[in-house]
Amino acid sequence: MPERPDLTGPLLAWFDAHARDLPWRAADRTGWGVLVSEVMLQQTPVARVLPVWQEWMRRWPRPSDLAAAGPGEAVRAWGRLGYPRRALRLVAAAEVIRDEHGDEVPADAETLRALPGIGEYTAAAVAAFAFGRREVVVDTNVRRVEARAVSGPALPAPSYSAAERRLATELLPADRERSVRWNAATMELGALVCTARAPRCGECPLQDRCAWVAAGSPPHDGPPRRGQRWEGTDRQARGRIVQALRETDGTLTREQALAASGAPEPQAERCLLGLLTDGLVEQDEAGGFTLPQ
DNA sequence: CACCCGTGGCC
DNA sequence: TGGCCAAGGGT
């Protein structure tokens, strides 16, 4: 096993000086606040999450508060964060936490992992950042930082591999408190400095020991990363229907809902049915369409 | 494993 | 201008 340059020292020092002052990192943070932040941050930038998270914490400071509010209010308060099924899953997770965990967010990753909407990353992140556990936390930032600093490519492979998991495990400091800071620091470096496009290598604490920089910062040479098309997709049509329901106090007729989708038949109908299946939309006794009750 | 699921900002 | 990207998860 070849010796690797020490990344921990410079990374933790950089984090001490540059960490953002985010509310879910505050000293008075709660497990619930951290869990909600992690779910909101899935595929969604910090700047967009901040105001919605503040509002959620004000209205629903405990899991039981959200569970009592119900999925419709959650989807409405989700606003335009995207992927509103996350709001549904947070309500479902809140119900489990209230009913099976005494309204307290579990502290261990395995129990967290069993909650709706909590996958490997989020379970590890909540256990580490809310409860100080030593966990291997690997998100897109960690993958990119470790790929560049240790392995050398401009960008990691499209899918998370066992080798990456192994590397992340090896790099994680043995000391529990340092491991928590390491996880946060690596994510922060990826978010602020070691970004996907136009990384600020001049500001990077790992600059003098980065494998990618040592190789001359070669451009990404792997297969082109397939972009997500948008115009005309079901996701666009579904998003328009849910947004129309969010903006309405009452219900939408079938005709109104289909029109809101902006999609032609049979796509519009398919999307409306899909939303019903997913529980993002319900039909009342009169046949009108609403957010879930 | 491949694909689906929203949204908006940026280079 | 538009492809690319953002603290992923579920199926």
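Analyst: **The surface near the DNA**

A backbone N or O atom of Leu-81 is 2.9 Å from a base nitrogen of DNA strand B. This is a polar contact, meaning a pair of N or O atoms within 3.5 Å; within protein, one atom must be able to donate a hydrogen and the other to accept it, and residues adjacent in sequence count only if both atoms are side-chain atoms.

The model is predicted, and local features need pLDDT of at least 70, side-chain atom pairs count only at pLDDT 80 or more, and totals for chains, interfaces and linings use all residues; side-chain values use heavy atoms, without hydrogens and water. Residues are numbered from 1 along each chain as its sequence is written, while chains are lettered from A and ligands numbered from 1 in the order in which they are written.

Begin with DNA strand B. It is surrounded by 17 residues, and the closest are Arg-48, Arg-80, Pro-84, Arg-85 and Arg-238. A residue is near a strand if one of its heavy atoms lies within 4 Å of it. An N or O atom in the side chain of Arg-80 is 2.4 Å from a phosphate oxygen of DNA strand B. Arg-85 has a polar side-chain atom 2.7 Å from a sugar or linking oxygen of DNA strand B. Sugar or phosphate accounts for 59% of the atoms of DNA strand B within 4 Å of the protein, and bases for the rest.

By class, the surface near DNA strand B has nine charged, four polar and four nonpolar residues. Here Ala, Val, Leu, Ile, Met, Phe, Trp, Tyr, Cys and Pro count as nonpolar, Asp, Glu, Lys and Arg as charged, and the others, Gly among them, as polar. Helix α13 (residues 234-246) gives the largest share of this surface, five residues. Helices are DSSP runs of H or I with at least four residues, strands are runs of E with at least two, and both are numbered from the N terminus.

Next comes DNA strand C. There are 30 residues around it, of which Leu-41, Thr-122, Asp-139, Asn-141 and Arg-144 come nearest. At Gln-43 a polar backbone atom is 3.0 Å from a phosphate oxygen of DNA strand C. Of the atoms of DNA strand C within 4 Å of the protein, 66% are of sugar or phosphate, and the rest are of bases.

Some of these residues also pair within the protein. Side chains of opposite charge can pair when their charged atoms come close. A salt bridge is a side-chain nitrogen of Lys or Arg within 4 Å of a carboxyl oxygen of Asp or Glu, and the structure holds 17 of them. Arg-85 forms one with Asp-278, with the closest N and O atoms 3.7 Å apart. The two partners are 193 residues apart, with Asp-278 in helix α15 (residues 267-278) and Arg-85 in helix α6 (residues 85-100). Arg-85 counts as partly exposed because its relative accessibility is 38%, and Asp-278 counts as partly exposed at 27%. The cut-offs are under 20% relative accessible area for buried and over 50% for exposed, with partly exposed in between (1.4 Å probe, protein chains only).

Last, consider what lies inside. Helix α2 (residues 31-40) has 10 of its 10 residues buried, so the rest of the structure largely encloses it. Elements covering its buried residues include α3 (46-59), α4 (63-69), α5 (71-78), α6, α7 (109-113) and α8.

Leu-35 is among the buried residues of α2. In the largest nonpolar core, which has 84 residues, Leu-35 and Trp-56 touch the most other members. A nonpolar core is a set of buried Ala, Val, Leu, Ile, Met, Phe, Trp, Tyr and Cys residues joined through side-chain atoms within 4.5 Å. Not counting residues up to four places away in sequence, Trp-56 touches residues including Val-36, Met-40, Leu-66 and Trp-78, where contact means heavy atoms within 4.5 Å.
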